[in-house]
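Biologist: Could you walk me through this model? I'd like to learn how to read its features.

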Amino acid sequence: MSFDALILVLDSTIRLSVPLILAALGGLFSERAGVFDIGLEGKMLIAAFAAAAVGAVYGSAWLGLGAGILASVALSLVHGYASISQRGSQIVSGVAINFLAAGLTAFLGYAWFSRGGQTPPLPPSGRFQTLTLPFADAVRDVPIFGPIYSTLLSGHNLLVYLGFLAVPLTAWIIYRTRFGLRLRAVGENPAAVDTAGISVAWLRYRAVIVCGIFCGLAGAYLSIAQSAGFVRDMTAGKGFIALAALIFAKWRPWPLLGACLLFGLLDAAAIRLQGVSVPGIGEVPVQFMQALPYILVVVLLAGFIGKAVPPRAGGVPYVKER
Amino acid sequence: MTKIRSRTRGTARLPAWLDYSLVPVLNVAAAFVISGLVVLLVGESPIEAVGYLVYGAFGYGEGIGFTLFYATNFMLTGLAVAVAFHAGLFNIGGEGQAYLGGLGCALAALMLDRYVPWWVTFPVALALSAGFGAVWALIPGWLSAKRGSHIVITTIMFNFIAASFMVWLLVEHLSPIGSMQPETRTFGPGGTLPKLDWLFAPLGIDIGTSPLNITFLVALAACLLVYLLIWRTRLGFEIRTLGHSPTAALYAGISPVRITVIAMMISGALAGLMALNPVLGDQQRLQIDFVGGAGFVGIAVALMGRAHPVGIVLASILFGALYQGGAELAFDMPAISRDMIVVIQGLVILFAGALEHMFRPGLTHGWSLISRPRETGEAGRPKEIAR
């Protein structure tokens, strides 16, 4: 593969891994606080729809982003109410949210816009446009460094940079702030947090809301930054890939970045390698590349390559008194 | 689910008959009320919609045939989820297991349909669809029991792996040479299951062109067998024990690994059987994504039917009616597309599953107000305080 082709693959890797990073970071906050969330997919989907719908009607990318975040947080609160206040099964609630989002987006999209479930194409003001970093055009012809800077690093939209900045920010919050310490504690031993006089429920609600905000960003990225509108089932399993990346990273921010980039690279390579014969292996079926993240997670969870241990209180509702 | 239920044991109790009738009815009612609000949101009348829906599902013979055809799918996938529930396992992989079951029965039909009548193909297809489904559930079951993988995550991943695998098989290997369609060739009469018009004709119901076929009877038999298995056999007792308390099961000498694997295999086999209905009973060929979400509807059906075969039959007929009536509804009221069913499905899972206990404290309080005069004060009171 030539250098230019490599840059192109890496460039699409970055674009494809941003929604994974954002959604997986959301899942990290929620699951570190002890609330399992298999509803990342649903929250991304409803955010993608709300962002595209509002963006198309009002022609503003920022309004769209806000609507996406609001819709996603609303579903987060449903999940929080079911799993924190009502102490219901977090898995069942997550499944319900995925269906709710899949149904609502298709149903409302069909009824409101009469385009078979799509939203109208967005005007340029309704989308996040690509940003060009300073001097990107000037250094384009410099060997090696030029393409890296002007193609790989420059020329993405705002949410891409936000996604990558969110990783160190999350690491700092989780490991260096009081909120982060308490968040991790409530996921491991909520009784101890409760004994210290801190509300377990309120802490978990905050974690779930943060998760909603991140999923909202991820969904909005799909519909109003990466593409120019919403199509049915737009997330197409990305929420589950993000969940897989979260598990793969063992619920830690920096490995999470690595896992998302890896899965993004697999996706980019699958598109690139379609029908291409790899020396020594022959033609790799594109379906195999698509299934690879899922296979890797199964193998990891089975403990064949390291061991993924979830937060200890994850999935268990907290009962204050017995 | 059993684990969730046990958490409310500390509080005052509702009588069992109320707990098994009013609570699920209220939960499902809440789901439908919110669905009605969603219909209002797009400016249509929910009451009018229900009218079209009920007529489309039950108003004429062909509608009934379609309703029961869809119900067949949901009965089998619902039973699959329920059997796993009883063992304390949440099998979200019904979709993938049914997909693989489809491969099993399609292979049986492709091998035999040109040489033998349908009743020879049928048992082979039955065995292969159940077997393929069971194997696809066996792997997550074994990984969970032996290696400690999270069964929910693993079964979700297996759905995606199954989807990729089947697309690859259909595109690269199973579609006839020269065909661009990712599907197998159409089976002959030896790979076609008979319709059930003879069964319904004496009742005065003409099922018309609906694809209702003998898989419906298979599903009913499976309901009976699951009932007998869970409540009348030693294995069923072991499954329920594991579901209620894994430590008690271990203490009683029940092997959690063995029971987990067996329960998952039964669950997968039931999901796999579902494939008979669309593949051999309706389309006579294996198509991409023929399961169409039926594996997931099974989750709603099992939760709504409280993992009991009788409840599952009722819940699957309700969902069958939603599928069939929903298609009619989309024709009569174009603003209400069939996606409404997915919304209802999500709400049913939410209210009958995750928010199962929302109405119980209120009901319990109401019941205690009604029933108090009958209880003598001294008997009831101190116990409450002691708790």
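Predicted model: local features only at pLDDT ≥ 70, side-chain atom pairs only at ≥ 80, totals over all residues.

Biologist: Is B:Pro182 buried or exposed, or in between?

Modeller: In between: its relative accessibility is 27%, so B:Pro182 counts as partly exposed. The cut-offs are under 20% for buried and over 50% for exposed.

Biologist: And which residues is B:Pro182 in contact with?

Modeller: Setting aside neighbours within four places in sequence, B:Pro182 is in contact with B:Leu170, B:Val171, B:Leu286, B:Gln287 and B:Ile288. Take B:Val171: 11 residues separate it from B:Pro182 along the chain, and their C-alpha atoms are 4.9 Å apart.

Biologist: Now loops and phi angles. What should I look for?

Modeller: Most residues other than glycine have a negative phi. With that in mind, look at B:Gln284, whose phi is near 55 degrees, a positive value in a residue other than glycine. B:Gln284 is in the loop between α13 (276-283) and α14 (294-304) of chain B, and it is buried, with a relative accessible area of 15%. B:Arg306 also has a positive phi, near 50 degrees. You'll find B:Arg306 in the loop between α14 and α15 (309-332) of chain B, and at 12% relative accessibility it counts as buried.

Biologist: On to helices. At what angle do α5 and α12 of chain B cross?

Modeller: Roughly 60 degrees, with the axes of α5 (residues 94-112) and α12 (residues 256-273) of chain B coming within 7 Å. That makes α5(B) oblique to α12(B), and their crossing is right-handed. On the α5(B) side, the contact has B:Gly94, B:Gln97, B:Ala98 and B:Gly101, which meet B:Met264, B:Ser267, B:Gly268, B:Ala271 and B:Gly272 in α12(B). By class, the residues of this contact are 3 nonpolar, 6 polar and no charged.

Biologist: Which way do α6(A) and α7(A) lie to each other?

Modeller: The axes of α6 (residues 158-176) and α7 (residues 178-188) of chain A come within 5 Å and cross at roughly 75 degrees, so α6(A) and α7(A) are roughly perpendicular to each other. Among the residues making the contact are A:Ile173 and A:Tyr175 of α6(A), along with A:Phe179 and A:Leu183 of α7(A). This contact has 6 nonpolar, 1 polar and 3 charged residues.

Biologist: Last topic: aromatic rings. How do I describe a pair?

Modeller: A pair of aromatic rings is described by the distance of the centres and the angle of the planes. Over all chains, the structure holds 20 aromatic pairs. One of them joins A:Trp62 and A:Phe128 edge-to-face, at 5.1 Å centre to centre and with 80 degrees between the planes. This pair links distant parts of the chain, 66 residues apart: A:Trp62 is in helix α3 (residues 61-85) of chain A, and A:Phe128 is in the loop between α4 (90-113) and β1 (130-131) of chain A.

Technical notes
Residues numbered from 1 in each chain as written. Chains lettered and ligands numbered in written order. Heavy atoms only, no water. Phe/Tyr/Trp six-rings, centres within 6.5 Å; stacked < 30°, edge-to-face > 60°. Helix = DSSP H or I, 4+ residues; strand = E, 2+ residues; numbered from the N terminus. Axes fitted to C-alpha atoms, helices over the stretch in contact; angles between N-to-C directions. Parallel < 35°, antiparallel > 145°, perpendicular 65-115°, else oblique. Left-handed = near helix turned anticlockwise from the far one by under 90°. Contact = heavy atoms within 4.5 Å. Nonpolar A, V, L, I, M, F, W, Y, C, P; charged D, E, K, R; others polar. Buried < 20%, exposed > 50% of the residue type's maximum accessible area, 1.4 Å probe, protein only.
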